[in-house]
Amino acid sequence: MSSKIKPGCFILVILMFAACSREKNLYFTGIDSSGWDSSEPAYIFFDNSDTVSVRELTIFVRTTELFKYDKINLTVETMDPGRVYFTDTISINIIHGNSGDTEVIYRSNVRLMKQGEYRVKFNHLLPETEVSGISGLGVKVKDNGKE
């Protein structure tokens, strides 16, 4: 009995490994899309071992059709392993009625100077205390501007 691998299966395996390797630079947290309260922050944690490479940090927001605004304003608090905080306010334009991911470059040409766990804390700054239609937030860490 011959055990040949079909070409389609081989390509599928390669694609699965490629997807997994890209996912290691993507950090995501889900949010209940029926309502995110401004008093309940969302957190993302990721480990860093490379203190030399120049990085680009991108923030993305996943929305559903329930999101009724054309942009979302967020406070973003980043804490390095030494407990040093950086707080920013960002605005991300959302196409009204569009579901999916929208992203914005948060920081370019940065070095994560410490090894260990980084924490990113998000709060929304929208007029309503509880906002519907946001199903998740994420951070992409790209080395030298590349995934």
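An open sheet of 4 strands runs in the order E3-E8-E5-E6 with antiparallel pairing, in what is a predicted model.

Student: Which are the edge strands of this sheet?

Tutor: The strand order is E3-E8-E5-E6. An edge strand pairs on one side only. The edge strands are therefore E3 and E6.

Student: Over how many bridges do E5 and E6 pair?

Tutor: E5 and E6 form a hairpin with 5 residues between them, and Arg83 in the turn has a positive phi of about 70 degrees. Thr75 stands opposite Thr89 in E6. The two strands pair in the antiparallel sense, and the count is 9 bridges.

Student: What is the bridge partner of Val76 in E8?

Tutor: E5 and E8 pair in the antiparallel sense over 6 bridges. Within E8, Arg119 is the bridge partner of Met79. For Val76, the bridge partner in E8 is Phe122.

Student: Leaving aside neighbours within four places in sequence, which residues is Ile72 in contact with?

Tutor: Once its neighbours within four places in sequence are set aside, Ile72 is in contact with Trp36, Val61, Phe67, Ile90, Ser91, Ile92, Ile94, His124, Leu126 and Ile134.

Notes
Residues are numbered from 1 along each chain as its sequence is written. This is a predicted model: local features need pLDDT of at least 70, side-chain atom pairs count only at pLDDT 80 or more; totals for chains, interfaces and linings use all residues. Side-chain values use heavy atoms; hydrogens and water are left out. Contact means heavy atoms within 4.5 Å.
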